[in-house]
Amino acid sequence: MAEGYPEAEAKPKAKKPRPLPPPPPPALATASLLVRGAAARVLGLSPGPCGGELQPIWVTEPGCSKITMSFEGTSREPFPKEDAHNALLIALEAETNRLAAGGRIAVFEMDKADAEKKYGEDIYEPKSQRPDRLRLAHLPGAALVEIPNNWSLCASTSDCGKIEFLAREVEAGSKKKPDTMIMAKKKQVFVKFSVGNPDAPAADIGGEMPSEDEAKALTDKSVRVEVLGVDVKDEAKEEPASKAAKSVTEEVKAEGEMVVDPWSVKGKIDYEKLIRDFGSTKISDDLLERIRKITVGSGRVSDLHCWLRRNIFFSHRELDAICALQEKGKPFYLYTGRGPSSAAMHLGHLLPFMFTQWLQKAFDVPLVIQMTDDEKFLWKGEYDPEKGDNLHVYKRFTIENAKDIIACGFDKKKTFIFSDLEYVGHMYPNIVRVWKAITYNTARGAFGFVGESNIGQSAFPAVQAVPSFPSSFNVPFKGDQHLPCLIPCAIDQDPYFRVTRDIAHKLVPKDHPLKGKPSLIHCKFFPPLTGAEGKMAASDENSAIFLTDTPEDIEKKITKYAFSGGRQTAKEQREKGADLDADVSYQWLRFFLDDDAELQKIEEQYGSGQGEDYWSAGQVKKKLIEVLKQMVKKHQEIRASITDEEVAEWMKVRELDF
Amino acid sequence: MQIAAAPAHLAQPRHLATPPAPNAVRAAHHPGLARAGALSAAGVFFSALSRRRKLAARRAEGEQVVTPWEVEAGEDGVDYDKLIETFGCQPITSEQIERIERLTGKRPHRFLRRGLFFSHRDLDELLNAYEKGEAFYIYTGRGPSSESLHLGHLVPFLFTKWLQEAFDVPLVIELTDDEKFLFKKDLTIEESRRLAWENAKDIIACGFDPKKTFIFRDSDYIQQLYPVTLQIQKRISLRTAQNTFGFDPADNIGKVAFAAVQASPAFSIAFPDFLEPGRRCFVPQAIDQDPYFRLCRRVAEDLKWPKPACIHSKFLPALQGHQTKMSASVASTALYMTDTEKKLRKKINKHAFSGGGKTEEEQREHGANLDVDVSYQYLKIWLEDDEELERIGEDYAAGKLLTGEVKKRLGDVVSEIVREHQEDSDVLFFGTELEINESFFLQARARIEDATVERFMDPAREELRSSFAKKLATEAA
């Protein structure tokens, strides 16, 4: 799941090792905490007292360790019988990896007395020496425990890579016990595990100490993960299917805390932290310069796109590798997509396509656009007693949405738009390959499926993954199996493609330049009209400007709903200036106003409350309205000229010209 | 005796009309019973460790276990009455068999007469509709396998062929190359597709009429199946799938998704080229596959599509007998279609479990126990002549016949079956002369060209459409 990616920022930590016991490598140390945290959540334990003695088997088996935990005092009462142990271990492994994907970890030191006073004695493991100065590690929602002074941990929990439980079975007839097992008699859990990235470097980790309440919640021994086959039997008692795409685990989230996953974006977003948590890389000035040389240097575009200049696209995976190939004149292709959930698209939907259009022009490369009508049907499809399932509706949405996409100005000779329903036959061999490479555990960890999710939903990630591989487009790419792929997407979509990257090598020839891994370029969220936190959602009409809105609609919505960071009175505004971070009109202008000088003027005047043209919220809104009206009008004009026949031409399976 | 099986409300789709037969890949796990076709053909479905453990516990208590993945008899073999009761299907009555004879004008196949196919779902509804002129279609399938065909594999295809001819209805045969790839560790999709192609030749060699038969590989036909598959997938929750198939969280996500792919051909909208929507489907299958189709039928109910009707077969005994533990590695435990006549006779003589007396004297005195005598049981399946079978039964049980004589007769019959095959297939082989020392089946099969396979695999053939258009027109008249 996690990237085994060397992080530029992460520097090995020079800690003086103590003689005994030997500290585990950082990845194993981090993983052991994850296992403990997960055990607490699955088995109903307190992560401190359950202990976590590690056997130093990494000396002979690199990347592996074995942890012993006690489930004395579990809240699972009576403790499930032996035939359920396998299910518990499976859930434990899944939960460990889910926690790992969460990324966050904090390490801090405290005096013993303070710590005991604040957090109680549950931070200790049974054998703890209880030194005067304690080092504590905090995994949000899972564990707050003392760790030995000589341990170092990875910067992010996802750095240790996929954590796999080993040796769950012994050969028939063998008298040896499995290394990974639950021994009810001794009330012990043994887990032998390996990490995907055993050499993940150590890092100096700071982070905030949790509040007392937060810490207390961690030691209440409540079972926070329902285990299929143990806790979950009666279908009727389950949560409704509408919640299917949510995590099974109880959400232990403080109010206002940042949450970013493919289904929800909440709270105020700290993008630096997201980069750390996801293990992606920041787009550096050097990289921007390289892109400029390739694109502007070729004369195909006059300047970098303003979203690159303004750091709206801010993070990437292996974009540098794509640049290196370009510098040698080697091509790549772009892949993006859209779930046609309704005929009406809003501005936020169009952003990725606007940027992709620029990328296509700037790099002069082929592009594939996936319309996931099957996905929308699986999640939102409706049954009509007269007409049956409404699959056809999503086919229609696909065509309508394709018109909006085409209106962004792509190069027809280089662009293939396809609907899953129509193109699945071409992709199927790759789909089954991806199916075979992804376990239900991984899918659950990365995509959050629950028992009520339907089996199409759990299979769908493969359909979204396969356009990352050139062999899915034998006709459009004329059989080229080596073409690398670049995917522009919002940062919340990253987890999807991390799984794709993990299995990519299985789907391309060995000499594929990126080993099949799609390169990614991530953008920040486009804020909803009503406030800069979170992202724009089509479900709330007032939070979005639709591509079908009239100039009057736009004016009304911006005037009425655009959240303002300006002050209450003119006097106050003149004195203090506006809060630009919170001001949606300004944020939107950063997206849509290409003129840097003009934007800077707005920034200065509005932010300070000084000057003439843009010192007040009204003026800034007026500017935004003007920009949007013009943009939407132009879009509507182009779109009106696109017929169904035209769409069919773009969607025809044909050789692309590149 | 308790029967352990999947709870009735959690049915499941899965294969198909491959009733078990002697010698399976997994036969080693099944003392007393073998299920080659079903398991090796359709793949080792959802063979979850945890599930196996549970089953092992039941088995230890001497319970009968029949699920799509496991067949474990109690000590006295499978109790089929109990199975019918547990699964909630219906026994086939003599009235129904008579009715089939009346409706088709053909003598019921011996598999029906002798109770090898013994249970059903909605057979009456199917026949009622047929009587009113509403045609159905037959769906069966096979998972690609590198294994040679043996006689047991032939049972579903022979029966399907008979059904097709008797009712004059279209037949679709699914080759699940995708499934095999998902379930078999080192198999590539290309190899799976190739195996499917070769298996299609085996099936064609059984003599199906190309004008009425469509054979497809999932990987070729998914484009047409997909809309149906999606609608089915949408109605099966992961939990239901987990309970029904017992898949393990460490299993790949394709295994569970595939369940819907396999259910799709049970609905005629998956074949718009030559079937009208809403045509009923009839699925011959081994009884252990029933839970699979219960799920399929439940989904059909949700969608208001016609529920596929089913007809179930019993399991076949292994050559070594009901009580023998068989090993898949021993080729002698099955009668292969590719065996020469000489080899077939040798295997029967050497390995067929005998219910006769140990010595000639003993046999003359006490007679044979027909229930455990594999040669007699096999004759029951393969010998067409009812009178002769009855005579052999009486004489053998009374000690008038010796085991060796019965085995000789079985050798004749089996050789005849293998040869008959080729003769049935006039459409394809034009009654070519065959070498007596070579396997008849292999000779017949060798004549099947890729072009023939292509013909069977083309859904858009005019001949498919027209042969049924004609049929419907005649009925209307």
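Me: Which residues form a positive surface patch?
Reply: Happy to start there, with a predicted model in which local features need pLDDT of at least 70, side-chain atom pairs count only at pLDDT 80 or more, and totals for chains, interfaces and linings use all residues. Residues are numbered from 1 along each chain as its sequence is written, chains are lettered from A and ligands numbered from 1 in the order written, and side-chain values use heavy atoms, without hydrogens and water. Patches take residues with over 30% relative accessible area and no salt bridge, joining like charges within 9 Å and nonpolar side chains (Val, Leu, Ile, Met, Phe, Trp, Tyr) within 5 Å. The positive patch consists of Lys342(B), Lys343(B), Lys346(B) and Lys350(B).

Me: Is Lys350(B) buried or exposed?
Reply: Lys350(B) sits in helix H14 (residues 341–351) of chain B, where helices are DSSP runs (H or I, at least four residues) numbered from the N terminus. Buried means under 20% relative accessible area, exposed over 50%, and partly exposed in between, with a 1.4 Å probe and protein chains only. Because its relative accessible area is 63%, Lys350(B) is exposed.

Me: How many disulfides are there over all chains?
Reply: A disulfide is a pair of cysteine sulfur atoms within 2.5 Å. The sulfur of Cys323(A) is too far for a bond, because the closest cysteine sulfur, in Cys485(A), is 15 Å away. Cys310(B) is in no disulfide either, with the nearest cysteine sulfur, that of Cys296(B), 7.8 Å away. Over all chains, the count of disulfides is zero.

Me: Which residue forms a salt bridge with Lys403(A)?
Reply: A salt bridge puts a side-chain nitrogen of Lys or Arg within 4 Å of a carboxyl oxygen of Asp or Glu. With the closest N and O atoms 3.7 Å apart, the partner is Glu400(A).

Me: How many salt bridges does the structure hold over all chains?
Reply: Side chains of opposite charge can pair when their charged atoms come close. One such pair is Arg461(B) with Glu463(B), with the closest N and O atoms 2.9 Å apart. Over all chains, the number of salt bridges is 73.

How values were computed
Accessible areas come from the Shrake-Rupley method with a 1.4 Å probe; for residues, only the protein chains shown count as cover. Lys and Arg count as positive and Asp and Glu as negative; His and the chain ends are not counted. The place of a charge is taken as NZ of Lys, CZ of Arg, CG of Asp or CD of Glu. Helices (H or I, at least four residues) and strands (E, at least two) are DSSP runs, numbered from the N terminus.
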